[in-house]
Every structure is written in C-alpha cells, then in structure tokens.
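Biologist: Could you bring up the model, so that we can go through it together?

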Amino acid sequence: METTSRAVAQTPAAEGGQQVPSARRTVDGYLRAPFPWYGLDEAFTGPRWLMQVGTTADGAVEHGSIGHGDEPTVRNEHAAGGDQDSKEKFAVVVTVAANPSRRTADGTGLLEATSVSSAAWLAGVGLLSFTWPGHMDHTLRDDWLEQQTETAWVLADDLEGDDWSTLSLPVDGVPTAFHYRESEFGWVLAGSTSSGVHVGAYGRGMSAYGLGFAVVKDIAAYA
C-alpha cells in the first residue's frame, strides 16, 4: 500500500512513553475521507479518541485510526505484568479504504491496491509502536522496530498461514470473519466490510473476543 509514509496511522510516543498531545491531528483529515470510519459498536461505553489519518502521495486520505479505552504508553518489560500494564486496556480500530490498483493524480505512477493485508499490516505495526523491550538501548530501538515491522508485513501478507486463526465478530450487526493473531505484545485482527473498507484492529488488556464494529455516525464527536 503506497502512502506518504509506511508509518502507522497514530500519534508518536514521547520520550518515556507518554503520548504527544500536540502530535494528534484534528478531525479535519477524517472529514476529508470519502469512505466511512469504523469504531467499536455501542456495546463499548468507554472513552474514544482520534489518532491520525494516512494519505497517499497526492494527499488523498486512505486510512486512519480511532482509539478506544485507555490511551496507551509504550510497554516495556519493566511495566509488563505490573500495575501499568494492568491499567492499560485499549483497542484501536484502523479503517482502510478498499481501493484497486490505480494511477496517481498526476498520472505518472501507480498506487498499490489496498486489501485486508493492508489493514493487518497497519494494525500489526500500530501495536508495535506501543512496545519496547525494556533492556534495549534507545539507540537500538529503531533497528528493533524496523525488524519487527518487516515481520508484521510478512505475517500480513500470509493471512492464510498458521500464525492466524479465524474469529467471527459483528460488523454493523452482521457476523463477519476476521483473521486474528496474538503475540506477547497484544492482539491483531483484520477483515473486510460491506461498506467498501477493510477494518483492522489491535489492542492490549481488552479481549478481542467480545468486540463488535460499527460505522461511526459522527466522527466530529470524537474530536
């Protein structure tokens, strides 16, 4: 999937793992999207918050993320299993426009088609962005993240592989099959909807088995 960056659609973490409030984009990018946004359905009554949108090279909005629950910090081995880890319960829903291979706006190149694998990759890298082995030096984290990102891409490109199982969850009230996997960092899932978008999700501390997804009726209410 060709976007302005292969970075996951969410806010960066500050030194020490805290989110950078000024980095969060406004609702404007979400409002420019020509497709519907998905979040958890009405069964979830906790906090909801915008993250970021991802755009193609010509500025078209192609994907974005909405958070639910506790705004996560970077998890490391010192926090794992402790009070910090037990308090952070979140799920992030990634919406990806279902697009075929198409030409760029200036006609000089092609944009890759988006697919369920695109949603799975964005969700996988999103989870990684909140993970950091505590024994690792800051200077080595970029190398670690690059390696793990490549692994996430390989996994997303093989959704029928042994690393994935199938999980049925409601989308707009209709049971829908998702590809699902767990790791020491949390869980990731991805599937398609009947609304012309693919949905990915990742989370920690909140079970994926009881989740449901629905179109966001008023994205501006999340701002």
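Biologist: Which residue in β3 is the bridge partner of Thr55?
Modeller: That partner is Val61. Strands here are DSSP runs of E of at least two residues, helices are runs of H or I of at least four, and both are numbered from the N terminus. Keep in mind that this is a predicted model, in which local features need pLDDT of at least 70 and side-chain atom pairs count only at pLDDT 80 or more, while totals for chains, interfaces and linings use all residues. Residues are numbered from 1 along each chain as its sequence is written, and side-chain values use heavy atoms, with hydrogens and water left out.

Biologist: How many bridges are there between β2 and β3, and in what sense do they pair?
Modeller: Strand β2 (residues 48-55) pairs with β3 in the antiparallel sense, through six bridges, where pairing requires at least two bridges found by DSSP between the strands.

Biologist: Is β3 buried or exposed, then?
Modeller: Nine of the nine residues of β3 (residues 61-69) are buried, so the strand is largely enclosed by the rest of the structure. Buried means under 20% relative accessible area, exposed means over 50%, and partly exposed lies in between, with a 1.4 Å probe and protein chains only. Strand β2 is mostly covered too, with seven of its eight residues buried.

Biologist: Changing topic, what does the side chain of Arg204 touch?
Modeller: The side chain of Arg204 makes a polar contact of 3.1 Å with that of Glu88. A polar contact is a pair of N or O atoms within 3.5 Å, where within protein one must be able to donate a hydrogen and the other to accept it, and residues adjacent in sequence count only if both atoms are side-chain atoms. Arg204 is found in strand β10 (residues 197-204), and at 5% relative accessibility it counts as buried.

Biologist: What about α3, how far apart are its end C-alpha atoms?
Modeller: They are 19 Å apart, which agrees with the 18 Å that the 13 residues of α3 (residues 116-128) should span at 1.5 Å a residue; the expected span is 1.5 Å times one less than the number of residues. At the start of α3, a side-chain oxygen of Ser115 comes within 3.2 Å of the backbone nitrogen of Ser117. Because 13 of the 13 residues of α3 are buried, the helix is largely enclosed by the rest of the structure.

Biologist: How many residues does the largest nonpolar core have?
Modeller: The largest nonpolar core has 58 residues, and those with the most contacts inside it are Tyr30, Trp37, Leu189, Tyr202, Phe213 and Ile219. The largest share of this core, nine residues, comes from α3. Such a core is a set of buried Ala, Val, Leu, Ile, Met, Phe, Trp, Tyr and Cys residues joined through side-chain atoms within 4.5 Å.

Biologist: Last one, where is Asp172?
Modeller: Asp172 sits in the loop between β7 (165-171) and β8 (174-183), and has a positive phi of about 55° although it is not a glycine. At 37% relative accessibility, Asp172 counts as partly exposed.
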